[in-house]
Amino acid sequence: ENLVLEDYALFHPYIESIEIKEGVKSLGKHSSVDGVIMNEIDLPSTVIDIGNFFKGLPTIQKINVAEENSIYKDVDGVVIRKQEGALVCYPGGKTDESYRTPEGVYSIDKEAFYAHDYLKELEVGYQVQSVVEQALSNMKVLEKITFYNTECSIDSNMLFYCSQVNQICGKEDSTAKAYATNKGISFKAIT
């Protein structure tokens with residue numbers, strides 16, 4: 001079967017839970033902005049495309065992916081695409097104030113971090129090689145980003161409506177410093 005959860009499938013107020021059953025292969029675009037009050041969601045082994053389904057779910061704190069899923073995995077509730085090691089979704093309701101990308105993450109996808117009310121500090125690990133356009137979108141309280149890979153490719157439009165970012169940290173001779181200088185954001189060198 002080729003079951004699909006259609007676009008805007010959760011566009012209904014006051015959804016407390018949803019079960020995405022085995023057999024569902026694709027999740028539609030945008031779910032709901034208002035009314036969804038669930039904290040956790042499970043993805044079955046059959047899901048091969050999550051698109052931007054989780055964009056607009058501000059209460060989801062944890063996304064669990066079935067271990068048998070061949071495309072995605074979760075690390076502490078954050079969704080990673082296995083083959084490329086791409087961080088694709090940091091849940092909108094995760095309440096941590098700081099986050100460091102885990103081992104095995106090599107890139108951060110568009111809108112992977114979208115509309116968070118808690119995350120103030122992001123540490124982009126040594127293995128991350130690229131952060132794409134709008135990877136960080138509508139981050140209401142994000143203030144500081146630290147890059148540990150001196151050669152990480154940082155798209156000039158990595159930040160999208162993230163007006164609170166006031167400090168970029170990285171090595172003195174790094175792409176992080178070049179990005180901060182180009183954007184007029186304070187830079188702090190790390191050792």
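**Sheets, helix and core**

Mentor: Three strands make up an open sheet with parallel pairing, in the order S10-S13-S16. Its edges are strand S10 (113-114) and strand S16 (159-160), each of which pairs on one side only. Strands here are DSSP runs of E with at least two residues, helices are runs of H or I with at least four, and both are numbered from the N terminus. Two strands pair if DSSP finds at least two bridges between them.

This is a predicted model, in which local features need pLDDT of at least 70 and side-chain atom pairs count only at pLDDT 80 or more, while totals for chains, interfaces and linings use all residues. Residues are numbered from 1 along each chain as its sequence is written, and side-chain values use heavy atoms, leaving out hydrogens and water. The average pLDDT (the predictor's confidence in each residue, from 0 to 100) is 88, and 85% of the residues score at least 70. Residues 3-7 fall below 50, and this stretch has 16 contacts in the model beyond near neighbours in sequence; contact means heavy atoms within 4.5 Å.

Of the 31 residues in the largest nonpolar core, Leu87, Phe113, Leu136, Ile145 and Phe147 touch the most other members. Such a core is a set of buried Ala, Val, Leu, Ile, Met, Phe, Trp, Tyr and Cys residues joined through side-chain atoms within 4.5 Å. Buried means under 20% relative accessible area, exposed over 50%, and partly exposed in between, with a 1.4 Å probe and protein chains only. At least two residues of this core come from each of strand S6 (78-81), strand S11 (121-124), S14 and H1. H1 gives the most, with three residues. Apart from this core lies another, of 19 residues, including Leu43, Phe53, Ile63 and Val65.

Now the helix. In H1 (residues 175-183), Ala176, Tyr179 and Ala180 are buried. They line one face of H1, because seen down its axis they fall within an arc of 95°, taken from the directions from the helix axis to the C-beta atoms. Residues three or four places apart in an α-helix point the same way, since there are 3.6 residues a turn. The buried residues of H1 pack against strand S14 (144-147), strand S15 (153-154), S16, strand S17 (167-170) and strand S18 (186-189). Thr181 and Asn182 are exposed, on the face turned away from the buried side of H1. Just after H1, Gly184 takes a positive phi of about 70°.

A six-stranded open sheet, in the order S5-S6-S7-S9-S12-S15, has mixed pairing. Strand S5 (72-75) and S15 have a single partner strand each, so one side of each is left without a neighbour in the sheet. Inside it, strand S7 (residues 86-89) and S9 run parallel over two bridges, with Ile108 of S9 as the bridge partner of Leu87. Not counting residues up to four places away in sequence, Leu87 touches Val78, Tyr99, Ser107 and Phe113, among others. Ser107, in strand S9 (residues 107-108), is buried at a relative accessible area of 13%. Beyond four places in sequence, the contacts of Ser107 are Gly85, Ala86, Leu87, Val128 and Ser130.
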